[in-house]
Amino acid sequence: MRKTILFYVALLCSICTVNAQNIDIYPTNWWVNMKTNTVQLLIRSTGESFSSDSIHIKYPGVTLLKTHLFTNKRYLAADISIASDSQPGNVTIEVFQNGKKRQINWPLNQRRPGNGTTYAQGVNSADFIDLIMVDRFSNGDPNNDRVKGMKDQSLDRNDMYARHGGDFQGIINNLDYLQGLGITALWFTPVMENDMPNRTEHGYAITNHYKIDKRYGGDEVYKKLSDELHKRGMKLIFDAVYNHFGLFHFLEQDPPENDWVHRWSEYTQTSFREQPLFDPYASKSDRKKMSDGWFDKTMPDINQDNPYMANFIIQNCIWHIETFGIDGVRLDTYTYNDLDFANRCNQAILNEFPKITAFGEIMVHGVANQTYFEQNNIATPFKSNLPSVVDFQSLYYGIIPALTEPLSWTSGVNKLYYTASTDFLSRNPMQKVLLLDNHDEPRFFSLVGENAEKQKIGYQWLLTYRGIPQLYYGSEVLMKGLKAPDGLLRSDFPGGWKSDKKNAFTGVGLNEDEKSTQDLVRKLANFRKTSSAITTGKMMHYVPVEGLYVYFRYDGNQTIMCVMNTSNTPKEIDFKKYDERTAGFMLARNVITEEVLSTKNNATIPPMKMWVLELKK
């Protein structure tokens, strides 16, 4: 009798549901009441292959529409729809492996409250963004410096290309500093898992889109950081990468099909030339090399024409925003994407989160070249729906030459004027993200010859010009560094490690130039928060004369006059010359020094100086 019972128990176990510990589903969960209510599940087995594409779903309101098999039998795809009256809970999904029925629980969650108000708020010209490389900012939890089992076990602060140990807790610990500096939004280089053998400090070689890197603190600490920011009225920006992932991503190491990334007969790198995408004389082969070539040998180029791969990326962007309470999206290497796909992905995000904003990395040379990739006023066959861009033209052909080139008809500060005058090409110039430097560009302080006065002019321009200003962590205390080979542009923020002798959070060890530049940024950024003229007002500028460039930010309530002297000699300011904007005002208060001038009299601005003046009646 006992043997009979054991036989039937064994038989039942062979055909009944078992917990599928070796099966993953992407996206890892979804939500009720989403506009995106048709979802494609990618089901992956890390063990046995699937013996059938037969899938059963048992959950009220969730309907299986279609299933897909791949050459690699460890993958299935299932298209499902989620009814508007579906309730949160665990959806039971049954699959078959070697005749065995496997059961997976897939969470269907309640949505995060506050779409457009407490998250997905968008980033606008009233914001001041700080770009932070998490690994290089502050080490708040040394326990996660190395994570057992991950390929990169480096930890050496003397090596610019190794990991240094910064994490989310370090940022949380220093939010008072960031908010006090006038920062309203944080943008991190990608924080998703980068399980690569080396060079993982920057984050752009993602190996799992549904995991936050444990060396930063993982999902939970990232959520905690998001919550802490929102409690303070600050915002969180997600760095999304449509174009590529890391070589050790499971979709490259164990792909469902061979065409999920672009394949070439031999390694082919992108040409890094955007022109063939809009050049009326371009060859198809040049276009293909630009868009389908790999960015790097360690970063396979995603084939966005593959509908499964496209769905994977689009759904992940939506998932990341909803899961972590994202407010804005920065889109990496935007020019290298299939642009029709990029439009689809952008639109899917905006459909779900109508108030969110996205800005693309358009690292090109030429205003028209940049404008092609954003919403614009140009009549071209392809029309981008990207709301905004990082404005490299105002950097390359604006503020850098203004402070580093000798003045001529086409050089020096005249380039800044010319570049701004081409804003007529762009649909949303006030949404452009301005910068002095970032993780790929030399530190501005190094570019201007380590001249603190020029750095201060740069920040006064950044915080008063049209657009959204973006700081790069540590440049406010004159961090320096050029590109390779030293990599110093990605140095650690001083004070982020207990052993640091210099501490920019407290001011300990800073020299006078570092302190005064930090103070200037703090004062002007906080003034900017309440300045309607700068954050939402109009702009007017005058043709530069002998290196003197004057522009105004103004509205019905406030007028700000910005005077930039880029020459080597003092310049006289006759306020009457600018009477379109100065008429009716009697006084001009310097926002930084608080000195008050009379507009009835001429004033003299020293060489290589900038004034930000609030006009008073």
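In what order do the four strands of the open sheet lie? Let's start there, keeping in mind that every view below comes from a predicted model.

**View 1. Four strands side by side make an open sheet.** The order across the sheet is β2-β4-β7-β6, and the pairing is antiparallel. At the edges you will find β2 (23-26) and β6 (62-69), each of which pairs on one side only. If you follow the sheet from strand to strand, neighbours are turned by 25° against each other on average, direction ignored. As background, strands of a sheet pair through backbone hydrogen bonds, and they can do this in a parallel or an antiparallel way.

**View 2. A closer look at β6 and its partner β7.** β7 covers residues 75-82 and runs antiparallel to β6, with seven bridges joining the two strands. Which residue of β7 is the bridge partner of valine 62? Look for isoleucine 82.

**View 3. Helix α7 lies across the sheet strands β2, β4, β6 and β7.** This helix spans residues 307-324 and runs at about 105° to β4 (38-45). Is isoleucine 313 buried or exposed? Its relative accessibility is 2%, so isoleucine 313 counts as buried, the cut-off being under 20%. Leaving aside residues up to four places away in sequence, isoleucine 313 touches His209, Tyr242, Ile302 and Phe341.

**View 4. Aspartate 135 and arginine 136 meet in a salt bridge.** The N to O distance between these two side chains is 2.9 Å. Both aspartate 135 and arginine 136 are buried. This pair is one example to study, as a search of the whole structure finds 38 salt bridges.

**View 5. A salt bridge between aspartate 440 and arginine 490.** Here the side chains meet with an N to O distance of 3.1 Å. The pair links distant parts of the chain, 50 residues apart. Aspartate 440 sits in the loop between β18 (433-435) and α12 (444-447), while arginine 490 sits in the loop between β19 (468-472) and α14 (512-529). The two partners can also be described by their accessibility: aspartate 440 is partly exposed, with a relative accessible area of 26%, whereas arginine 490 counts as buried at 12%. Which residues join this pair in a network of salt bridges? Arg199 and Glu201 are linked with Asp440 and Arg490.

**View 6. Lysine 502 forms a salt bridge with glutamate 514.** The closest N and O atoms of this pair are 2.9 Å apart. Lysine 502 belongs to the loop between β19 and α14, and glutamate 514 belongs to helix α14, twelve residues apart. Lysine 502 is partly exposed, with a relative accessible area of 31%, but glutamate 514 counts as buried at 8%.

**View 7. Helices α10 and α13 cross at roughly 140°.** α10 covers residues 392-404 and α13 covers residues 452-462, and their axes come within 10 Å. That angle makes α10 oblique to α13. The crossing of α10 and α13 is right-handed. On the α10 side, the contact is made by Ser394, Ile399 and Leu403, and on the α13 side by Lys454, Ile457, Gly458 and Trp461.

View 8. Among the buried residues are Phe392, Leu395, Tyr396, Ile400 and Pro401. The elements covering them include α9 (367-372), α11 (413-421), β18, α12, α13 and β22 (559-565).

**View 9. Helices α13 and α14 cross at roughly 10°.** Their axes come within 10 Å. α13 and α14 are therefore roughly parallel to each other, since angles under 35 degrees count that way. From α13, Ala452, Gln455, Lys456, Tyr459 and Gln460 make the contact, and from α14 come Asp513, Ser516, Thr517, Leu520, Val521 and Leu524.

Technical notes
Residues numbered from 1 in each chain as written. Predicted model: local features only at pLDDT ≥ 70, side-chain atom pairs only at ≥ 80, totals over all residues. Heavy atoms only, no water. Pairing = 2+ DSSP bridges. Axes fitted to C-alpha atoms, helices over the stretch in contact; angles between N-to-C directions. Contact = heavy atoms within 4.5 Å. Buried < 20%, exposed > 50% of the residue type's maximum accessible area, 1.4 Å probe, protein only. Salt bridge = Lys/Arg side-chain N within 4 Å of Asp/Glu carboxyl O. Parallel < 35°, antiparallel > 145°, perpendicular 65-115°, else oblique. Left-handed = near helix turned anticlockwise from the far one by under 90°.
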